[in-house]
Amino acid sequence: MAVRHQLIRRSPEELWAVLADRSRYQDWVVGTARSRPKDGDWPEVGATLEYTVRLGPWEATGHTVVRHSDPPRTLELEVDSGRLGTARISVEVRPWGADSLVIVDEHPLTGPGGRLHNAALDVLLQLRHRSMLSRLAEVAEEAPVRASTGA
């Protein structure tokens, strides 16, 4: 299992606004060239988006399904990459002062990744998560801060 965390300088609610925006998925998920709605109202349980991954001239499509959603704390996704198999990705958002501590936990479920899951694969996932969390921080921290509507 590959677990990585990062402090993001936005409140959990501000960060959740990025996670809940299906059109931003391709901006922070490493390897995704584009994403588009498929079914449901993202990020409600059962909502799905399709994505395209491009490596040089090679292109593949897959889809991601929301398996659990507890705004603004937890978003659990199942990523289906066709012949490459499926993976569970959990994004947990914890308040950390005025900011958010984001914890990503991923492990393969089926396919070659599920059968061959080992420490070497976890190292690759850690590298991917480092980049993904950096991209998520960049997207969230560049978003305008919403004005508070406190009573």
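What radius of gyration would a compact globule with 151 residues have, and what does the chain have? A compact globule of that length would have a radius of gyration near 15 Å, and the chain has 15 Å, which agrees. The radius is taken over C-alpha atoms, and the globule rule is 2.2 Å times the number of residues to the power 0.38. The structure is a predicted model, in which local features need pLDDT of at least 70 and side-chain atom pairs count only at pLDDT 80 or more, while totals for chains, interfaces and linings use all residues. Residues are numbered from 1 along each chain as its sequence is written, and side-chain values use heavy atoms, with hydrogens and water left out.

Along its principal axes, the C-alpha trace spans about 50 × 30 × 30 Å. The secondary structure comprises 4 helices and 7 strands, where helices (H or I, at least four residues) and strands (E, at least two) are DSSP runs numbered from the N terminus. Read from the N terminus, the order of elements is β-α-α-β-β-β-β-β-β-α-α. Of the contacts with a separation of 6 or more, 46% are between residues 24 or more positions apart; contact means heavy atoms within 4.5 Å.

Buried residues make up 38% of the 151 in the chain, with buried meaning under 20% relative accessible area, exposed over 50%, and partly exposed in between (1.4 Å probe, protein chains only). The chain exposes about 8400 Å², of which carbon and sulfur atoms supply 53%. Accessible areas come from the Shrake-Rupley method with a 1.4 Å probe, and for residues only the protein chains shown count as cover. Charged side chains number 19 positive and 21 negative, and the centres of the two sets lie 5 Å apart. Here Lys and Arg count as positive and Asp and Glu as negative, without His and the chain ends; each charge is placed at NZ of Lys, CZ of Arg, CG of Asp or CD of Glu.

Helix α1 (residues 12–19) has 6 of its 8 residues buried, so it is largely enclosed by the rest of the structure. The buried residues in α1 are P12, E14, L15, W16, V18 and L19.

The count of aromatic pairs comes to 2. Rings of Phe, Tyr and Trp (its six-membered ring) pair if their centres lie within 6.5 Å; planes under 30 degrees apart count as stacked, over 60 as edge-to-face and the rest as tilted. Y25 and W28 form an edge-to-face pair, at 5.9 Å centre to centre and 65° between the planes. Both residues lie in helix α2 (residues 25–28), 3 residues apart, about one turn of the helix. Y25 also forms an edge-to-face pair with W42, at 6.2 Å centre to centre with 80° between the planes. Since Y25 lies in helix α2 and W42 in the loop between β2 (32–39) and β3 (48–55), this pair ties together parts that are 17 residues apart in sequence. Y25 and W28 are both buried; the relative accessible area is 4% for Y25 and 7% for W42, which is buried as well. Y25, W28 and W42 form one aromatic cluster.

The peptide bond from W42 to P43 is cis, with omega near 5°, and P43 is in the loop between β2 and β3. Another cis peptide bond joins P71 and P72, with omega about -10°; P72 is in the loop between β4 (58–70) and β5 (74–80).
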